[in-house]
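Please study the structure shown below and work through each solution in turn.

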Amino acid sequence: MAQDMKPIAQDLHTEEMLISMGPQHPSTHGVLRLELTTDGEVVRNVRPFIGYLHRCFEKHAEKVGFTGVIPYTDRMDYLAAMNNNHGYVITVEKLLGLEVPERGEYIRVIMAELQRIASHLAAFGTFANDLGAVTPLLYAFREREKIMDIFEMACGARLTYNYYRIGGLSGDLTPEMLAAVRSFLDYFEPKLKEYDDLLSYNKIFIERTAGVGVIPLAMAANYGITGPNLRASGTSWDIRRNDPYSIYDRLEFDIPTGRGLKGEVGDCWDRYMVRMWEMRECVRILRQCLAQIPEGEYINPKTPKAIRPPKGEVYVRVENPRGELGYYLVSDGKPNLYRLKVRSPCFTQLGVLPAITDGVMLADLVAIVGSLDIVLGEVDR
Amino acid sequence: MKEWLDGVIAGSALLQGAPREITYFLAMVFFSLLAVGWMAILALSFVWMERKISARIQSRLGPVYCGGKFGWAQTVADALKLLMKEDLIPRSADRLLFTVAPVIVFLSTLLTFAAIPFGDNLIIANLDIGIFFILAISSLAVIGIIMGGWASNNKWSLYGGMRAASQMISYEIPVALSLIGVIMYSGSLNLLEIGRAQAGGFWHWNLFRSPFLFLGGFVYFTAAIAEANRTPFDLPEAESELVSGFNTEYSGMKFALFFLAEFANLFVISAIASVMFLGAWHSFLPWQILPGPIWFLMKAFSLVVVIMWMRWTLPRLRVDQLMQVCWKYLIPISLVLLVGLGTQMWVFSGR
Amino acid sequence: MDIDSIADRLSSLFPGSVRGIEKEHAGDPFLVMDPARLVEVCMHLRDDQEMRFEWLMCLSGVDYPPETIAVVYHIHSQTHGQKLVLKVLLARSEPRVPSVESVWKMANFHERECYDMFGVDFEGHPDLRRILLPEDWEGHPLRKDYVYPESYRGVTNKA
């Protein structure tokens with residue numbers, strides 16, 4: 001951790017210090033390097049450096065065929081792999097004009113919402129850990145274990161699933177798995193109240209997060225911030241509601257927004273609470289799905305064996321737990337795709353960091369980065 | 001202690017014949033080693049306790065392999081591992097300060113063990129300025145931490161050191177002020193006398209003798225936790241921000257010294273709190289059912305458990321909030337308590 | 001407003017800015033724009049009351065060898081609930097286009113990525129340097145004629 005150090009002046013004249021919150025740091029949620037210019041404890045300037053996890057997935061995607069891209073999408077935002085899969089297969093299906101059977105859609109939504117809960121739990125746990133409260137991290141990961149057990153039943157993997165296929169899914173859900181989802185929901189709902197008691201309204205936690213890192217709505221729109229971070233700034237924009245895909249238009253759920261209850265609208269506390277409230281909504285959605293899921297096929301039987309969409313291009317976006325995940329797909333009629341660009345929400349959100357961190361203290365910077373909920377796999381692809 | 005030693009010498013023909021200085025010197029060495037050993041045992045068992053408590057709070061088990069079902073030998077194994085590690089000194093670090101820093105921190109905690117009464121007359125050095133000595137010596141730890149932060153030649157360690165400086169120096173004041181209340185009430189700085197004055201049932205304990213002392217107890221406890229760099233005040237070694245702060249570049253034996261000193265310090269704080277506020281070695285009923293030291297240790301240990309419990313429940317305060325708590329809240333409160341206590345004593349006892 | 005009326009409105013306000021509309025393919029139709037007046041047009045698209053495209057959803061580059069590199073802008077209006085796709089076709093030997101970072105700050109990182117992967121020069125960008133690859137990397141990987149380097153800083157990719 002020793003870097004080239006600018007010697008601190010011997011006289012009382014203070015200089016600004018250039019520090020690297022380096023690629024290896026417990027709080028940067030991955031390999032992110034932030035170059036800080038600080039004046040004592042106050043941060044004057046932040047420059048993010050990324051690319052430590054860059055695997056040039058977009059170039060690989062041009063060589064492996066349309067179905068072969070699906071495992072790659074898992075590994076982008078590895079905490080929300082199901083949602084990544086979902087976005088990609090919807091994009092290809094739109095270009096192909098392929099319909100997914102009802103049961104397939106319902107299973108997709110169940111998996112996506114379970115993944116959203118798991119992702120928000122990870123965000124909540126790591127955020128609390130950054131602020132010094134170590135215990136919620138362990139609780140969050142205990143609940144995630146149960147979700148991962150369900151995923152393991154469905155597709156055999158715990159983190160990167162490769163479960164979705166173009167036209168449906170790779171396997172069906174048995175009644176035991178649905179029962180497991182139901183019992184998880186019954187177990188999980190009281191836990192949300194427990195987390196609120198433990199952390200959300202704790203005086204020290206509120207002092208650390210309320211009023212810190214405020215992102216006003218106009219700034220959020222201009223910087224392209226989406227997802228819970230945008231909703232914390234006061235608007236109820238959710239792609240599942242405003243630009244619906246799959247069967248979300250049949251499901252009833254509220255969109256939690258930040259209201260500035262403890263500080264200003266759009267501060268870290270709002271971003272944190274929006275995620276907590278969203279988990280509650282996910283539970284609602286899941287219960288409806290479990291009640292409404294029909295029997296039937298889980299994959300469209302007319303899906304071609306060799307996927308060759310017609311020449312064209314399309315942009316489709318889905319609601320990732322971290323924001324708007326967009327896939328821009330250009331096809332030229334060949335078995336391999338021509339260009340796939342992933343509009344990653346975390347990559348976009350990282351751009352706002354220099355704008356909201358002038359004059360904050362070092363500890364606040366940690367809170368802000370934690371509340372933006374960044375996953376470097378998605379930032380770098 | 002000296003009286004006890006004189007008594008032992010008087011009673012033994014062998015020691016009568018030897019020159020006084022040699023006997024005293026040997027006794028000093030013996031008791032120093034005893035103190036070191038006791039401190040080490042305490043620190044090791046606290047580490048085990050912390051791991052078990054934190055594990056249970058976090059819904060997991062903690063050490064269960066090393067040493068049977070309860071994993072008590074885990075700490076011993078860890079201590080051995082630390083001792084056998086390579087002693088690294090970063091090339092650009094200041095060698096002398098880097099080596100001396102953990103020693104100073106360890107020493108400052110060790111020296112206070114000499115003045116803690118474990119029971120009636122069970123004290124190594126019966127100083128008339130007992131509590132004053134303890135406060136003075138334990139504030140030397142700040143020097144060690146700043147040295148460690150600076151000498152590592154690492155910006156993050158420097159942050160830790162600077163935060164430690166401001167925090168520990170500021171919190172000396174509420175610690176001292178709240179203890180002055182007890183000193184005023186007991187009329188003495190001697191810890192044995194303060195302890196003896198709390199005999200009887202728990203209603204004689206200093207904590208319950210006056211509402212001002214009651215609040216003063218909580219003020220002392222909070223400020224002492226800040227002194228000890230424990231969450232919610234553990235900024236100097238904030239793991240998630242500073243990667244262990246001033247501790248970052250330390251490994252092996254030096255790290256072990258810092259580590260042991262921290263846990264032993266917890267015991268010292270709890271011991272002082274027990275002696276000053278919770279009745280020292282007296283039981284909470286008028287009858288001393290168990291020997292004095294057992295009561296004392298039970299009280300100290302339960303306070304340590306409370307401190308550990310708080311660590312795993314609460315988030316961490318930010319530097320400026322920490323300073324606010326000290327200067328805007330704790331110091332005015334303790335001053336008010338002092339005035340109140342003085343007024344109460346003057347009104348009710350004419351002292 | 002549908003894509004034809006938007007194209008008409010833009011052509012009348014900024015003559016020559018719209019070079020064409022492409023609708024004859026599967027997927028989203030797009031407008032081919034003239035790079036020279038791009039920033040003005042985007043500013044108008046963002047601020048005009050009937051269009052209000054406050055959001056830049058995505059900015060990407062696409063390589064069409066041997067002659068063209070395209071930069072594609074997907075924009076979206078939250079007020080009116082409509083989307084629009086703009087495409088700029090640039091000469092592959094010297095791709096240059098004005099930066100829209102002054103219109104939508106989100107473009108900052110995405111234009112840096114486009115520069116990194118395709119070599120497109122965004123004029124007026126405040127800090128155009130590589131973002132995903134190291135500063136001293138040579139070549140632009142997402143171009144179709146990209147040749148993988150044999151070694152980088154002493155690390156070879158031979159087994």
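**Exercise 1.** Determine how many bridges join strand β3 to strand β6 of chain C, and whether these strands run parallel or antiparallel.

*Solution.* Strands β3 (residues 30-33) and β6 (residues 82-91) of chain C run parallel and are joined by 3 bridges. Strands here are DSSP runs (E) of at least two residues, and helices are runs (H or I) of at least four, numbered from the N terminus; two strands pair if DSSP finds at least two bridges between them. Within this pair, Leu31(C) stands opposite Leu86(C) of β6(C).

The model is predicted: local features need pLDDT of at least 70, side-chain atom pairs count only at pLDDT 80 or more, and totals for chains, interfaces and linings use all residues. Residues are numbered from 1 along each chain as its sequence is written, chains are lettered from A and ligands numbered from 1 in the order in which they are written, and side-chain values use heavy atoms, with hydrogens and water left out.

**Exercise 2.** State the strand order of the open sheet in chain C, and which strands are its edges.

*Solution.* The order of the 5 strands is β1-β3-β6-β5-β4, with mixed pairing. The edges are β1 (18-22) and β4 (55-64) of chain C, each of which pairs on one side only. From one strand to the next, the twist averages 25 degrees. Helix α2 (residues 38-47) of chain C packs on this sheet and touches β3, β5 (68-77) and β6 of chain C (contact: heavy atoms within 4.5 Å). The direction of α2 makes about 175 degrees with that of β6(C); axes are lines fitted to C-alpha atoms, for helices over the stretch in contact, and angles run from 0 to 180 degrees between N-to-C directions.

**Exercise 3.** Describe how many residues each chain gives to the contact between chains A and C, and what area is buried there.

*Solution.* Chain A gives 45 residues and chain C gives 42. The buried area (accessible area, 1.4 Å probe, lost on being put together and summed over both parts) is about 3500 Å², with 58% from carbon and sulfur atoms. On the side of chain A, Lys59(A), Glu313(A) and Tyr338(A) lose the most area to chain C, together 18% of what that side buries.

**Exercise 4.** Find which strands pair between chains A and C, and how many salt bridges are counted there.

*Solution.* β6(A) pairs with β2 (residues 26-27) of chain C in the parallel sense over 2 bridges, and Glu313(A) stands opposite Gly27(C). There are 5 salt bridges (a side-chain nitrogen of Lys or Arg within 4 Å of a carboxyl oxygen of Asp or Glu) between the two chains. One of them joins Glu113(C) to Lys341(A), with the closest N and O atoms 3.3 Å apart.

How values were computed:
Buried area = accessible area lost by both parts, 1.4 Å probe.
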